Amino acid sequence: MIEVDARGLSCPQPVLLAKKAMEKSNTSFSVIVDNETAKQNVKRFMDSNGYKIEINASGEDYVLRASK
């Protein structure tokens, strides 16, 4: 599974990194973000591309796991 670390990046960078991960692995990938805005934007992107999303909080970070 591809894991993208997008902590410390402002939008739209986390969404662009999620898109690259999606292109490499069209079945599952995860994105780590460190703010609410990035979490919502990445989640919306995953939703719009038909992925099932699992979000886990890890300290101040969020791990979004996408799977088809």
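Entry 1, strand pairing. I worked from a predicted model. I began with E2 and E4, which pair in the antiparallel sense over six bridges. Within that pairing I looked up Val31, which stands opposite Leu64 in E4. I then turned to strand E3, residues 52-58, and found that E3 and E4 are also antiparallel, over seven bridges. For Glu54 I noted Arg65 as the bridge partner in E4.

Entry 2, the hairpin. I checked the link between E3 and E4 and found two residues between the strands. Gly59 takes a positive phi there, near 70 degrees.

Which strand pairs with E2 in the parallel sense? I found E1, and the pairing runs over four bridges. One bridge I looked up has Asp5 with Ile32 of E2 as its partner. I followed the chain from E1 through H1 to E2 and recorded a right-handed β-α-β crossover.

I took H1 as residues 13-24, twelve residues in total. From first C-alpha to last, H1 reaches 17 Å, close to the 16 Å expected at 1.5 Å a residue. I listed the buried residues of H1 as Pro14, Val15, Ala18, Ala21 and Met22. Seen down the axis, the buried residues of H1 fall within an arc of 115 degrees, so they line one face of the helix. As background I noted that an α-helix has 3.6 residues a turn, so residues three or four places apart point the same way. On the other side of H1, I found Lys20, Glu23 and Lys24 exposed. I also asked what covers the buried residues of H1. The cover includes strand E1 (2-5), strand E2 (28-33) and helix H2 (36-48).

Is Ala21 buried or exposed? Its relative accessibility is 2%, and the cut-off for buried is under 20%, so Ala21 counts as buried. Leaving aside neighbours within four places in sequence, I found Ala21 in contact with Ile2, Val4 and Phe29. I also looked up Ala21 and Ile55, which are 34 residues apart in sequence and 17 Å apart in space, C-alpha to C-alpha.

I recorded Leu17 as partly exposed, because its relative accessible area is 22% and buried means under 20%. Not counting residues up to four places away in sequence, Leu17 touches Val4, Ala6 and Leu9. Between Leu17 and Phe29 I noted twelve residues in sequence and 11 Å in space, C-alpha to C-alpha.

I looked up the largest nonpolar core, which has 16 residues. Those touching the most other members are Ala18, Phe29, Val31, Val33, Val42, Met46 and Tyr51. The elements that give two or more residues to this core are H1, E2, H2 and strand E4 (61-67).

I finished with the contacts of Phe29, again not counting residues up to four places away in sequence. Phe29 touches Ala18, Ala21 and Met22, among others. The list for Phe29 also includes Met1, Ile2, Met46 and Tyr51, and I noted Leu64, Arg65 and Ala66 on it too.

How values were computed. Residues are numbered from 1 along each chain as its sequence is written. This is a predicted model: local features need pLDDT of at least 70, side-chain atom pairs count only at pLDDT 80 or more; totals for chains, interfaces and linings use all residues. Side-chain values use heavy atoms; hydrogens and water are left out. The expected span of a helix is 1.5 Å times one less than its number of residues. Buried means under 20% relative accessible area, exposed over 50%, partly exposed in between (1.4 Å probe, protein chains only). The arc is that of the directions from the helix axis to the C-beta atoms. Contact means heavy atoms within 4.5 Å. Two strands pair if DSSP finds at least two bridges between them. A crossover is right-handed if, with the strands pointing away from the viewer, the path from the first strand over the helix to the second runs clockwise. A nonpolar core is a set of buried Ala, Val, Leu, Ile, Met, Phe, Trp, Tyr and Cys residues joined through side-chain atoms within 4.5 Å.
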